[in-house]
Amino acid sequence: MHYKAYKTILSPKNGLNLFRGCTHGCIYCDSRSDCYQMDHPFEDIEIKVNALAIFEQELQRRRKPCMIGTGAMTDPYIQLEPRLQITRGALALIEKYEFGVAIQTKSTRILRDLDLLTAINQKTKAVVQMTLTTYDEDLCKLLEPYVSTTKERVEALIRFKEAEIPSIVWLSPILPFINDSQENLQGILEYCIQAGVKGILCFGFGVTLRAGNRDYFYQQLDKYFPGMKQKYRLAFGENYVCTSPNNEVLMEIFKNTCRKHGILYQTKDIFRYLHTFEDKREQLSLF
C-alpha cells in the first residue's frame, strides 16, 4: 500500500471512496479500466492521507443530512481494512452526524460493523449492498478468488435481515458462456429470497470490457478457461458490452421471480430508494 494526499473525499453526488485499488482479485473487475486513470498497480492500494479528517469536514459542510454511498469503485472491506479501520471510522462519522449510508461490498468483514450500521439505521437508513454473481462455490472461488464466497455473503445478508437492516443485491456481472445459466440465476434468486432482500440490481446479463480490464480478464480466461478468450473474441469482438446469448430467457426468469416475491428490480426504483434519505429521529423521540 501507499499514501497520497487528497483535498476531497466526497464526490458532488455524495459518493465516498476511501481507497483506490483492490486486492479481491475478481477476474472481471471494471475498476481496472484505463479510463479511471489509476497511476499505480491495481493491487498496490492507495490510502488517502487524513481521509477521516477530510470526510468529517465535508460532512460538517453539508447543509442537511443525506445518503452517503460507498463501495462502487473500491470495496470498503479490502484485506487492509481490519488493520486500518478507515471504513469503520467513516461509518462512525456518518452515525455521529446522522447521515444515512448505502455501502457495497463482497466481504463478510462488513459484519464487524453491524453495531454502527444498526445505530445508523435506527436514526435514518443504512442499506447493505452485496454483489452476488455465482451460485456454484467452486466457480465463485475462480471468478472472485480473494473474497467471501457467495454462500458466506448470503449468510451475512441473513444476519442483516435479522437486524432489520435492508439489503440490495447487485446481480452483475454475469459472464457469457461461464455463469450465464438458468441454474446459476435460479440459485442466486433463491438466496435473495432467503435473505429477504429489498431489491436486486440487474443491468442485463453480460459483462462490460474495455481497455485495462479486458486485458486482465483475458489473461485470467487463458489461465482458468482455456479456449474461452477465443470464444469471446469471436462472439463480441471489441464490444464494450458483451451480452449473454441467454439474456432474454434469464431476464424473463429474473423479472417474474422478483414480481412474485415483491422484490424491487427496476433500476430507477432501486436507485431512488438508495438515494432517498429517511429521518426516523422524530419517531424515536416519541418513544
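Helices here are DSSP runs of H or I with at least four residues, numbered from the N terminus. Keep in mind that this is a predicted model.

Q: Which helix gives the most to the lining of the largest cavity?
A: Start with the residues that line the largest cavity, among them Thr-87, Ala-90, Leu-91 and Ile-94. Helix α3 spans residues 86–96 and supplies four residues of that lining. So the helix to look for, counting it as a DSSP run, is α3.

Q: What volume does the largest cavity have?
A: A search of the whole structure turns up one cavity of 30 Å³ or more. Its lining has seven nonpolar, two polar and no charged residues. The volume comes out at about 50 Å³.

Q: Is β6 buried or exposed?
A: Look at both ways its residues point: Gly-100, Ala-102 and Gln-104 go one way, while Val-101, Ile-103 and Thr-105 go the other, and all are buried. In general, side chains in a regular strand alternate between the two faces of the sheet. Six of the six residues of β6 are buried, so the rest of the structure largely encloses this strand. The word for β6 is buried.

Q: Which residue of β7 is the bridge partner of Thr-105?
A: β6 also pairs with strand β7, residues 126–131, in the parallel sense over five bridges. Thr-105 is one of the β6 residues that are buried. In β7, its bridge partner is Met-130.

Q: Which strand gives the most to the lining of the largest pocket?
A: The largest pocket has a volume of about 960 Å³, and 35 residues line it, with Asp-30, Ala-72, Trp-170, Ser-172 and Pro-173 nearest its centre. By class, that lining has 15 nonpolar, 15 polar and five charged residues. β6 (100–105), β10 (206–208) and β11 (241–243) each supply at least two residues. The one that gives the most, with three residues, is β10.

Q: Which strand gives the most to the lining of the second largest pocket?
A: This pocket holds about 390 Å³ of space. Its lining counts 20 residues, and the closest to the centre are Gly-15, Gly-69, Thr-70, Ala-72 and His-275. The most, four residues, comes from β5.

Q: How many charged residues are in the lining of the second largest pocket?
A: Sort that lining by class and you get nine nonpolar and ten polar residues. What remains in the charged class is one.

Q: How far apart are the end C-alpha atoms of residues 17–182?
A: An unreviewed UniProt entry places the feature "domain: Radical SAM core" at residues 17–182. Over that stretch the chain is 34% helix and 15% strand. The end C-alpha atoms are apart by 34 Å.

Notes: Residues numbered from 1 in each chain as written. Predicted model: local features only at pLDDT ≥ 70, side-chain atom pairs only at ≥ 80, totals over all residues. Heavy atoms only, no water. 1 Å grid on protein atoms, 1.4 Å probe; cavity = no way out; pocket = protein on both sides within 12 Å on 5 of 7 lines; lining within 4 Å. Points joined across faces, edges and corners; volume = space filled by probe spheres on them. Nonpolar A, V, L, I, M, F, W, Y, C, P; charged D, E, K, R; others polar. UniProt positions renumbered as here; feature names shortened; annotations may be inferred. Buried < 20%, exposed > 50% of the residue type's maximum accessible area, 1.4 Å probe, protein only. Pairing = 2+ DSSP bridges.
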